[in-house]
Amino acid sequence: MLGANKSRGEISIRSVISLVILFALIHGSVKVAPLYLKYYFFRNAVREYSKSAETTDNSQVLQDVLAKARELDLPVTEKNVEMERVRGESFRIQVRYTIEVKFLWGFYRQFDFNCEGKTLFAGH
């Protein structure tokens, strides 16, 4: 038997590699999961703001979007927000932002997010 000659307490190379991979997966999850959780909350807020656009002007919608982004600590500015209003018919808002994450060993990755809300006003 191959394992019979190993002394007690020895760790195989396979075990070390497995632990390193497990650690990397956990580390990646801890870094990335909060980004997607914030995205989910922000996306839902953007959709709600688009629904209220029938009774709210563009500047108020923009203020609400930027306030929510600050609350969630997202890198969103006016430049990231696009709004289109067809008078009396519809409203569309799109917010794009990028977050760069540093992982172990100096590895960086950019995550691009896109939140969109569309609303047709009553009667259309």
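I began with glutamate 116, which is partly exposed at 29% relative accessible area (buried means under 20%, exposed over 50%, partly exposed in between, with a 1.4 Å probe and protein chains only). Salt bridges with shared partners tie Glu82, Glu84, Arg92, Glu116 and Lys118 into one network. My cut-off for a salt bridge is a side-chain nitrogen of Lys or Arg within 4 Å of a carboxyl oxygen of Asp or Glu.

Before going on, a note on the source: this is a predicted model, where local features need pLDDT of at least 70 and side-chain atom pairs count only at pLDDT 80 or more, while totals for chains, interfaces and linings use all residues. Residues are numbered from 1 along each chain as its sequence is written, and side-chain values use heavy atoms, with hydrogens and water left out.

**Charged pairs**

How many salt bridges does a search of the whole structure find? I got 6.

Lysine 118 is exposed, at 61% relative accessible area.

Next I checked glutamate 84, which forms a salt bridge with arginine 92 at 3.3 Å between the closest N and O atoms. Glutamate 84 is partly exposed at 41%, whereas arginine 92 is buried at 18%.

For the record, helices (H or I, at least four residues) and strands (E, at least two) are DSSP runs, numbered from the N terminus. An α-helix has 3.6 residues a turn, so residues three or four places apart point the same way. Glutamate 71 is exposed at 57% relative accessibility, but lysine 68 is buried at 18%.

**Helix α1**

I moved on to α1, residues 13-51, which has 39 residues. From first C-alpha to last it reaches 57 Å, close to the 57 Å expected (1.5 Å times one less than the number of residues).

Where does α1 bend? I found about 25° at valine 32, with proline 34 following within four residues. The bend is the angle between axes fitted to the seven residues ending there and the seven starting there.

Last, I listed buried residues of α1, among them Val32, Leu35, Tyr39, Phe42 and Tyr49. The buried residues of α1 pack against α2, β2 (90-102) and β3 (108-120), with contact meaning heavy atoms within 4.5 Å.
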